[in-house]
Amino acid sequence: MIYEGKKKIWSDYQKDIPDDHYFYVRSCIRQTFFPASEAAFLEITRNRLGKDVFETEHHTTCGGIAYHCDTIPQETSMTIIARQFALMHKYGYENFVCSCVTSFGLYCETLEAWREFPELKEKIAENLLKSCGLEFAVPKVLIHSSDLIYKYRNPIAALAKFKLVNKKTGKPLRVVEHIGCHYSKMFPSKGVGGAEYPYVLIGMIEAWGGEIIDYPERRHCCGFGFRQYFVQANRGYSLANTNKKFESMEPYNPDMIITNCPGCSYFMDKWQYVIAEMNHKTYGEDGHGIPVFTYEEVAGLVMGYDPWDLGLQTHLVGPEPVLDKIGIPYDSDAKYKGVNGKNIGKPEEVDCIK
Amino acid sequence: MTDFGYSINTSSRMNLDDFDKESFDKLAEMEPDVRKCMACGSCTASCTAGKFHETSLRSAILALQNGQEGKAIDFLKGCMLCGKCTMVCPRGINTRHLILSILKVYGTK
């Protein structure tokens, strides 16, 4: 990667990210598989950085999964989205931050469609009023939660107890960053750094001391793709995409992977087990996989949160090699203990991957 | 192994470094018309053998350019040398002769 050239591209793709006062909506997938990531996001922004991030229990899914699987019409998903925006307006906010990259893409697509087709916008406003009795509104600023952590990367670095540096060798950890396709491939101007070389995660990794790996399939999809995955017979295609990415990054010996998309975190983590079962191959050191993290988990780790409070026990590929390299203390016996020492259940052990 | 109900799909990735320029130049020397092909597919559309066997001169030429000689030969195995493709080629390529030349250069691989 020619760094100077990329800086020029990144400077062309900067977006307005207000400093404070956000209405927050969660992600369906992340609440299920990495629930502690969203908790960490709220904990860091609200309690450590003192920002106003509001969420309400009344918000729902954005309808993205059903929309991309072609099971609901576009107007239905637009009305669901209009309801989210209306809730934001009702609670007195103008800045909208969402946790999910699929939702972010769909929100961008919807706003663009409303801008292009005002009659559609009117129809959705009417649907919203009839179905929910809410007043139609659009956000002044729409961002993804990784944008906000990117914005706060330096304050987080200032509060950090650890750096993404190998404690024994003193060298930066080698990090693969993976951006969800719907973050900026659909609307490059809506993502920090554009579509080809998005800067959003690179900025965080640089601020927290890590080294970026540039590898051939860096911008390749993780393989999630709703239609590929939800039909069992098509999952081999999804898996082949992930396999291609891992084969491509393997020669660069990455220490960890950071993603900003719920599906990517999930698939790059879980597929490593399936690949190990099918191909008897692992991509980390000594039979380990490559640990996959969300950006909030990494922010929490460098700020000194307990790894198990950040939900790292929910990852299939154990995070311990990375914790050991950075020198983050952890209690192995407490890995599967929840609040008040309650046993949360230990997953079945497998031989093919550590 | 656990039965997942699916397996890893084979990659369709091509490595252009595998392109054998020397052999292709040799073929072009014997049969300069190989460079004339514009991949319109008329030969494939008119192919009698193609109805029963995966036979396609267009795909064979493309496979050669992508460094997939084995695949190219497979595309020509069903050819009966009837010559219908020669009659429909808009570039006037002697396709029958070209097929024989491809087999002469790559046939032993």
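How far from A:Glu277 is the nearest side chain of opposite charge? In this predicted model, in which local features need pLDDT of at least 70, side-chain atom pairs count only at pLDDT 80 or more, and totals for chains, interfaces and linings use all residues, that side chain is A:Arg235, 15 Å away. Residues are numbered from 1 along each chain as its sequence is written, chains are lettered from A and ligands numbered from 1 in the order in which they are written, and side-chain values use heavy atoms, with hydrogens and water left out.

A:Glu277 is buried and has no salt bridge. Buried here means under 20% relative accessible area, exposed over 50%, and partly exposed in between (1.4 Å probe, protein chains only). Lys and Arg count as positive and Asp and Glu as negative, while His and the chain ends are not counted; a salt bridge is a side-chain nitrogen of Lys or Arg within 4 Å of a carboxyl oxygen of Asp or Glu. A:Glu277 belongs to helix α14 of chain A, residues 262–279; helices (H or I, at least four residues) and strands (E, at least two) are DSSP runs, numbered from the N terminus. Its side chain does have a polar partner in chain B, the side chain of B:Thr2, at 3.4 Å. A polar contact is a pair of N or O atoms within 3.5 Å; within protein, one must be able to donate a hydrogen and the other to accept it, and residues adjacent in sequence count only if both atoms are side-chain atoms. Leaving aside residues up to four places away in sequence, A:Glu277 touches A:Cys352, B:Met1, B:Thr2 and B:Phe4.

These contacts lead on to the interface of the two chains. Contact (heavy atoms within 4.5 Å) takes in 16 residues from chain A and 10 residues from chain B. About 1,100 Å² is buried between chain A and chain B, 65% of it on carbon and sulfur atoms; buried area is the accessible area (1.4 Å probe) that two parts lose on being put together, summed over both. A:Gln232, A:Glu277 and A:Met278 supply 39% of what chain A buries against chain B, more than any other three residues. The interface of chain A and chain B has zero salt bridges but three residue pairs in polar contact, both at pLDDT 80 or more. On the side of chain A that touches chain B, the elements giving two or more residues are α13 (235–249) and α14.

Within chain A, the domain assignment gives domain 1 (22–145) and domain 2 (152–341), with bounds from an automatic or database assignment. Their centres, taken over C-alpha atoms, are 25 Å apart. In all, 31 residues of domain 1 are in contact with 32 residues of domain 2, and the area buried between these domains is about 2,900 Å², with 72% from carbon and sulfur atoms. A:Phe34, A:Arg48 and A:Val101 supply 22% of the area that domain 1 buries against domain 2, more than any other three residues. Two salt bridges and eight residue pairs in polar contact (both at pLDDT 80 or more) are found across this domain interface. On the domain 1 side, α2 (28–33), α3 (35–48), α4 (64–68) and α6 (101–116) each supply at least two residues, and α3(A) gives the most, with eight.

Two backbone details complete the picture. Most residues other than glycine have a negative phi. A:Asp286, in the loop between α14 and β8 (292–294) of chain A, has a positive phi of about 50° although it is not a glycine, and is exposed at 66% relative accessibility. A:Asn340, in the segment after α16 (320–326) of chain A, has a positive phi of about 60° and is exposed, with a relative accessible area of 79%.
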